[in-house]
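Hello,

Here is the structure I promised to pass on to you. Please have a look at it first, and then read my notes below.

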Amino acid sequence: MGKEMIAMLLAGGQGSRLYALTQKLAKPAVPFGGKYRIIDFPLSNCANSDINNVGVLTQYESVLLNSYAAAGSRWGLDARDSGVFVLPPREKDGAAFDVYRGTADAISQNIDFIDSHSPEYVLILSGDHIYKMDYAKMLSYHRAQNADVTIAVLPVPMKEASRFGIMNTDEEGRIVEFEEKPEHPKSNLASMGIYIFDWKQLRKMLVADMDNSDSNHDFGKDIIPTMLNDGKRLFAYEFNGYWKDVGTISSLWEANMEVLDPEHSGINLFDEQWKIFSRNSGMTGHKINAGASVDNSMITDGCNISGSVKHSILFAGVKVEEGAEVEDAVVMGGTIIKSGAKVKHCIIAEDVEIGENAVVGAMPTDSEKGVATVGSGVFVGDNAKIGPKAMVYNNVKEGGEVND
């Protein structure tokens, strides 16, 4: 399958709803699950599905993401006739494209790259979802249905269906109608933004779309509705595994917490049969010191724990000093939590320092819900207080207080 289908991974989104976490970082590069970045999931899915060539289309704050994705060896995609190729907007035929105008335009600008691999099929992926999926099974379904395009769908609760693009199908699974965030949905089959196209057919449509001044140059708004109106064979491939869009602070926090309960949540990062691959931190093993307390938590390389850690995820190189308390928290790499500090129900970005006896977040009540968030590189002074709904971008002085 590695030669007949190429994957194009859309990884240019800003992720603005992650606020402090994506001020200087593209959403697909946001750390997740102790040792990963979000983009590790679709790339690992490609490697496990025997898809050997992946184009990664980057745009917003792409410096770190470009260097990270270019190392195809992380996912075993560095052998002969395989690779991960970073594809930012570029100048072409004398015209400067400083941005991708839409999802379809991102593919259009890279037609020559796809042509160089001569694939029969193109798999379109998003770089900002957490899930495990065998794309080979989806391709088998696509072939069996003799489909022009197959769209992966996920059953969602009917009361939430109006938040998604909904696929209405007949008895055979053929898509007969597409509704974008309908007020009164007719089904609960939500699009996952994962598509398999016949490349020759898609290529013709993309060329026509590039010259259409009325187009949004988007798959969901233009390409798919056009194919549906033209009577093409569109089929829904139903996926019933774990899948989560971690586009908000609350959903990112929830997904990290679900990693700690794989039997109930469905997301198992300890599965040897379908590994999620990532970089090696190069750090030593973690150290749990005498008197420390660790309960139901993920502690990764280089961590040094002298305080209390409960139901939390600590990324590489985190230090928790004696008397510090960490609970229901996501603490990203290189962060130091000083003696006596309390860090609860929050997300702490990379290379943060939480001062002595500082308080970040709080356990939520029914009337006060929220996930406190501290951005990368921020210093929180001794005895400072960060409220349960706070979003902190800048340093907080000693004894300072931030509540929103």
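**Strands that pair in parallel**

Strands β23 and β25 (residues 342-348) run parallel and are joined by six bridges. Within this pair, V326 stands opposite V343 in β25. A word on terms: strands are DSSP runs of E with at least two residues, numbered from the N terminus, and two of them pair if DSSP finds at least two bridges between them.

Before going further, please note that this is a predicted model, in which local features need pLDDT of at least 70, side-chain atom pairs count only at pLDDT 80 or more, and totals for chains, interfaces and linings use all residues. Residues are numbered from 1 along each chain as its sequence is written, and side-chain values use heavy atoms, with hydrogens and water left out.

Strand β20 (residues 308-310) pairs with β23 in the parallel sense over three bridges, and here V309 is opposite V326. Strand β21 (residues 313-314) also runs parallel to β23, with two bridges between them; I313 faces V330 there.

Two parallel bridges link β16 to β19 (residues 304-305), where I288 has I305 as its bridge partner.

Note on methods:
Helix = DSSP H or I, 4+ residues; strand = E, 2+ residues; numbered from the N terminus.
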